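Have a look at the structure first, and then we can walk through it together.

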Amino acid sequence: MNHYDPQVIEEKRQEIWEREHLFRVTEDGTKEKYYLLEMFPYPSGKIHMGHVRNYSIGDVIARYKRMRGYNVLHPMGWDAFGMPAENAAIDRGIQPATWTYENIDYMRKQLKRLGFSYDWEREIATCDVDYYRWEQWMFLKMYEKGLVYRKSSPVNYCQKCQTVLANEQVEGGVCWRCGEQVVQKELTQWFFGITQYGDELFEYCDKLPGWPERVLNMQKNWIGKSYGVEVDFSMEDGTLLTIFTTRPDTLFGVTFMVLAPEHPLATELPKGTPQEQATLDFVKKAKAQDKSFRAEIAINKEGVFTGRYVTNPLTGTKVPIYIGNFVLMEYGTGAIMSVPAHDQSDFEFAK
Ligand SMILES: [Zn+2]
């Protein structure tokens with residue numbers, strides 16, 4: 001018979017595979033281990049062609065390695081916590097759990113029908129207590145070691161949805177779900193002390209053979225190790241403005257200061273100056289901008305003069321204070337000195 005009828009042939013074979021636990025993997029010291037993990041799908045409803053493509057590639061490798069005698073662990077699971085479940089629940093007026101588990105059942109059936117060689121006995125869903133109890137256990141271990149801590153920090157917040165939004169959920173300054181203007185709200189949050197591993201990560205970049213220089217540099221920049229000093233500048237009324245700089249050697253060339261829109265002084269400084277309204281308007285606008293967008297070097301730098309000055313302690317000259325969208329509160333003190341003659345970014349803003 002030359003005719004291939006998938007409905008007949010595949011369903012029959014898949015039934016046998018399942019009955020015989022063909023893809024079950026058990027510990028076996030005589031074989032070399034091979035762990036093959038593809039990205040877990042989000043249980044959004046139905047398997048789409050992107051899944052089929054991705055998991056077909058993985059399955060080819062799994063089958064190849066099995067035929068080469070490896071003990072292949074090829075599991076499947078569900079990345080099942082998050083906004084989409086919450087949105088679907090709101091839209092349909094049902095419990096997120098009901099919606100999520102129904103989708104998982106449907107998508108599991110689809111994956112099985114595609115004949116992928118998963119060990120379904122190893123299936124996990126991140127919304128199962130059996131799974132996330134281990135995440136909670138790990139969290140507690142990190143807490144005991146002082147690797148997690150609480151701190152107040154500004155977050156993207158939609159007042160209509162009454163929820164915190166990820167940067168990706170802020171589109172053009174408005175909430176992706178309801179179109180409401182997103183505001184920055186100070187909230188107490190949990191943080192991981194990843195900077196405690198900064199030195200280790202940084203040094204390890206040089207121990208990775210075969211990685212392109214470009215990627216390693218990106219990684220190093222991301223780790224964001226900056227050595228610098230804090231410098232106090234004083235204003236006419238004696239108020240101190242503390243800035244962080246990696247280039248104290250350029251202090252003589254300072255021509256202006258820039259504060260992050262989130263800086264506590266940002267809305268204080270312009271009070272009573274002709275720049276008051278313009279500054280407040282700008283701070284509101286800049287705070288609504290996406291943080292990752294603002295951190296990009298290439299964006300159009302924008303700023304406003306606050307109407308106030310500080311004195312350069314070395315030269316005695318008065319330098320104006322600006323608010324700039326490219327300065328982030330998370331970096332240093334949230335205030336920088338600008339030296340257009342020695343820094344490209346400062347030069348661009350100055351122009
Ligand atoms: Zn909203």
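## Overall picture

The protein chain has a secondary structure of ten helices and 15 strands, where helices (H or I, at least four residues) and strands (E, at least two) are DSSP runs numbered from the N terminus. This is a predicted model, in which local features need pLDDT of at least 70 and side-chain atom pairs count only at pLDDT 80 or more, while totals for chains, interfaces and linings use all residues. Residues are numbered from 1 along each chain as its sequence is written, and side-chain values use heavy atoms, with hydrogens and water left out.

The C-alpha trace of the protein chain spans about 90 × 50 × 45 Å along its principal axes. Its radius of gyration is 28 Å, whereas a compact globule of 351 residues would have one near 20 Å; the radius is taken over C-alpha atoms, and the globule rule is 2.2 Å times the number of residues to the power 0.38. Of the 351 residues, 36% count as buried (buried means under 20% relative accessible area, exposed over 50%, partly exposed in between, with a 1.4 Å probe and protein chains only). Among contacts with a separation of 6 or more, 68% come from residues 24 or more positions apart, contact meaning heavy atoms within 4.5 Å.

## The zinc site

Which residues hold the zinc ion? Cys158, Cys161, Cys175 and Cys178 coordinate the zinc ion through their SG atoms, at 2.3 to 2.4 Å. Donors here are N, O and S atoms within 2.8 Å of the metal (3.2 Å for Na, K and Ca); water is not among the atoms, so sites may look incomplete. The four donor atoms subtend angles of 102 to 117° around the zinc ion, which makes the arrangement tetrahedral, a label given to four donors if all angles lie between 85 and 135 degrees. For comparison, the ideal angle for four tetrahedral donors is 109.5 degrees.

Along the chain, the donors of the zinc ion follow the spacing C-x2-C-x13-C-x2-C.

## The three-stranded sheet

Strand β5 also belongs to an open sheet of three strands, ordered β6-β5-β9 with antiparallel pairing; two strands pair if DSSP finds at least two bridges between them. At the edges stand β6 and β9 (183-192), each with a single partner strand, so one side of each is left without a neighbour in the sheet. On average, neighbouring strands of this sheet are turned by 60° against each other, direction ignored.

Ten bridges join β5 and β9 in the antiparallel sense, and asparagine 156 stands opposite glutamine 184 in β9. Helix α5 (residues 129-144) packs on the sheet, touching β5 and β9, and its direction makes about 85° with that of β9. Such axes are lines fitted to C-alpha atoms, for helices over the stretch in contact, and angles run from 0 to 180 degrees between N-to-C directions.

In the loop between β5 and β6 (163-165) lies glutamine 162, whose phi is near 50°, a positive value in a residue other than glycine. Glutamine 162 is exposed, with a relative accessible area of 61%.

## The six-stranded sheet

An open sheet of six strands runs in the order β11-β10-β13-β14-β12-β15, with mixed pairing. Its edges are β11 (240-245) and β15 (335-338), each with a single partner strand, so one side of each is left without a neighbour in the sheet. From one strand to the next, the twist averages 40°.

Strands β13 (residues 303-311) and β14 (residues 318-324) pair in the antiparallel sense over six bridges, with valine 319 in β14 as the bridge partner of valine 310. Helix α8 (residues 276-288) packs on the sheet and touches β13 and β14, its direction making about 120° with that of β13.

## A buried histidine

Histidine 263 sits in the loop between β12 (256-259) and α8, and is buried, with a relative accessible area of 11%. Leaving aside neighbours within four places in sequence, histidine 263 is in contact with Leu241, Met329, Thr333, Gly334 and Ala335.

Methods:
Tetrahedral: all angles 85-135°; square planar, octahedral: opposite > 155°, others 65-115°.
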